[in-house]
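Please read these points with the structure open beside you.

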Amino acid sequence: MGKILNQIIKENDIKNISPEDYRKLAKEIRIKLVQSISHTGGHLASNLGAVELTMALHLYLDFPKDKLVWDVGHQSYVHKLLTGRGDVFSTLRCMGGLSGFPKVKENPSDTFDTGHSSTSVSVAMGLAKARDLNGTDEKVFAVIGDGALTGGMAFEALNNAQTLKTNMVIVLNDNEMSIAPNVGGMSNYLGKIRVNQKYRNLKTTVEKTLDKIPNLGQPLAGKIKRAKDSIKHLFIPGMLFEDMGLIYIGPVDGHNIGEMLTAFQTAASVPDQPVLVHVLTKKGKGYKPAEENPSAFHGVGKFDIQTGEIEEGAAVTYTKIFEQWMLAAGREREDIVSVCAAMPDGTGVRAFSKEFPERFFDVGIAEEHAVTFAAGLAAGGMRPVVSLYSTFLQRAYDQLVHDVCINNMPVILAVDRSGIVGRDGETHQGIFDISYLGTMPNMTILSPMDGEELVSALDFALTEMETPVAVRYPRGEALLPGKKGVTDREEWEYGRAEVLQKGKDVLILAVGNMVEKALEAAGYLKEKAIHPTIVNMRFVKPFDTELVLALAKKHRLVVTMEDNVYSGGFSEKIQAFLQAQRMNRVKCLAVCLPDAFIEHGAPEELYEKYGMDAESVAGKIREVMAG
């Protein structure tokens, strides 16, 4: 670490740094961020842009007494450095190391575990009201980005904030971006007020003075207030927030620490009312490649510091295969429309948006709206494909049930990042989608085993289905046809599974990318003269009950393999089915994730830890067979 940054070994140590050294400290922090993230990967651009903002918050607040809630939380790296975690920062996002998001168990200065957007204002409101009820005096701050402010939950919280009659400070970190450039009305509104003006609310003083004038005072006060508000609507920024009952301060230069400290002091001194401080920052600031291409350096892998060149493997990913399918489908059918939620690059629909801009809809960070909007598109005769990460699709559970499934709309859900995602940890693992999608009547769930099957599954969903269908696929490199010796493939038929290998000892029913691990495990088993039957399930809901029952009768052990938690998952459903069929003599082994939140780490490390790698699976099967 740099000379100034070395002086910070615990929270609040920044208060011992001389103001003339703030600029040096900011530079050292940026160097530390770039050097570390070039090796570990992570969210670089957002943290580079929030260096001075985080410094100002740490200079003003007293940790861990005061409460600071980070929205999403991927911009908390500087906060980690300023709370004494610099010596282990090289372990960021590595298994057993620092999380890439706030984690209370790491440090009490991390007020709340976060990972999804648009939540911070609600959490901070709860903390502020708990403070009042407990009779304590800690300050409560929430930091939310302009991208996260497009989420409906943020508006719900803002709408409710004034009713609490208490002080809390909402810091709007406005860098004109979320992951991709922002879209929608809020983005346009903030664009109009990104000018260097300040606003002081004097209405209380004016009204109190006028109230003292007998008879004339109150009517005159009302007229002046109405006239003043009309003028303010024309000339003063932030009136949307003022009309919602918040005091607005800003815009403030997010790279000027003195200006931000003044704003924070003013905001926290307002009694009985929430205050929003609008801070303007530059995403990627201080590292030219990130400034020029903040989207690429939002969540970045390893990269070369000198050139800014990002390491990209030559492997074909499932997302890339989906991208090519969307283009082909869009060219063939004019009723195909794409819906995403602020992640056109991450979900692979950027190319579609360029070729078919009139049929592409990025709704911002608003998964609930995305799903119901797609239901409306389907009701109007279109064939919407909603591309979301599994972890973010969770947010639209109610909309899936009520608007898609009850109405039985032919919406295709492209569920990217299903299963173990890896280094982003608990909040981003896609390990619940089989469970929550499986509860919904009218929903069909497809889980292809390789890249070729992903195309087949999407084709089947588009051409053979007139009801809701989810196609789930993992992050990263796609298994290619023939790689595991699987060549003669069966045609897709609704609800039917595919037998890949025939054996006599153990039946392995595998879902999605776990099929590859099942095939690998078969190699270990054959070394011990155990010959498995391996089934690629293809359909998780409805699964092939006829085939499962017929094969279960011929084997001593039934093994289910899925990258989902046990509760509500494929394994639980198979076991319940066999029990209902009075197949109690058949032993069952569930290879799945425990009913727990899975920490961050490389995917293969996590599969090994939870006994889901091929060698571990083979070992478990041998133990059960021997027993």
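1. Confidence. This is a predicted model. Mean pLDDT for the protein is 90. Of its residues, 89% reach 70 or more. Two stretches need a caution. Residues 193-204 stay under 50 in pLDDT, yet the model gives them 30 contacts beyond four places in sequence. Residues 227-235 are also below 50. For that stretch the model has 8 contacts beyond near neighbours in sequence. Where pLDDT is low, the predicted coordinates should not be read in detail.

2. Overall make-up. The protein has 627 residues, and 58% of them are buried. Its secondary structure comprises 24 helices and 17 strands. Take the contacts with a separation of 6 or more: 76% of these join residues 24 or more positions apart. The accessible surface is about 25,800 Å². Carbon and sulfur atoms account for 51% of that surface.

3. Strand 14. How many of the residues of strand 14 are buried? The count is 5 of the 5, across residues 532-536, so the strand is largely enclosed by the rest of the structure. Both faces are covered. Pro-532, Ile-534 and Asn-536 point one way, Thr-533 and Val-535 point the other way, and all are buried.

4. Neighbouring strands. Strand 14 pairs with strand 12 (residues 498-501), and the two run antiparallel with 3 bridges. In this pairing Glu-498 stands opposite Asn-536. Strand 14 also pairs with strand 13 (residues 506-510), here in the parallel sense and over 5 bridges. Val-506 has Pro-532 of strand 14 as its bridge partner. What is the hand of the crossover from strand 13 to strand 14? The chain passes through helix 20 (residues 514-526), and this β-α-β crossover is right-handed.

5. Asn-536. This residue of strand 14 has a relative accessible area of 0%. The cut-off for buried is under 20%, so Asn-536 counts as buried. Beyond its neighbours within four places in sequence, Asn-536 is in contact with several residues, including Met-449, Glu-453 and Arg-489. Ala-497, Glu-498 and Leu-500 are also among its contacts. Ala-510 and Val-515 are on the list too.

6. Asn-513. Is Asn-513 buried or exposed? It sits in the loop between strand 13 and helix 20. Its relative accessibility is 14%, so Asn-513 counts as buried. Leaving out residues up to four places away in sequence, Asn-513 touches Pro-448, Pro-474, Asp-563 and Tyr-607. With Tyr-607 there is a polar contact, side chain to side chain, at 3.3 Å.

7. Asn-407. Asn-407 lies in the loop between helix 17 (397-405) and strand 9 (412-416). At 44% relative accessibility, Asn-407 is partly exposed. A polar atom of its side chain lies 3.3 Å from the backbone oxygen of Asp-403. Asn-407 and Ala-375 are 32 residues apart in sequence, with a C-alpha to C-alpha distance of 8.2 Å.

8. Asn-536 is at 0% relative accessible area. Asn-513 is at 14%. Asn-407 is at 44%.

Notes
Residues numbered from 1 in each chain as written. Predicted model: local features only at pLDDT ≥ 70, side-chain atom pairs only at ≥ 80, totals over all residues. Heavy atoms only, no water. Buried < 20%, exposed > 50% of the residue type's maximum accessible area, 1.4 Å probe, protein only. Helix = DSSP H or I, 4+ residues; strand = E, 2+ residues; numbered from the N terminus. Pairing = 2+ DSSP bridges. Right-handed = clockwise from strand over helix to strand, strands pointing away. pLDDT = per-residue confidence, 0-100. Contact = heavy atoms within 4.5 Å. Areas by Shrake-Rupley, 256 points an atom, 1.4 Å probe, with all protein chains shown as cover. Polar contact = N/O pair within 3.5 Å; in protein donor to acceptor, adjacent residues only side chain to side chain.
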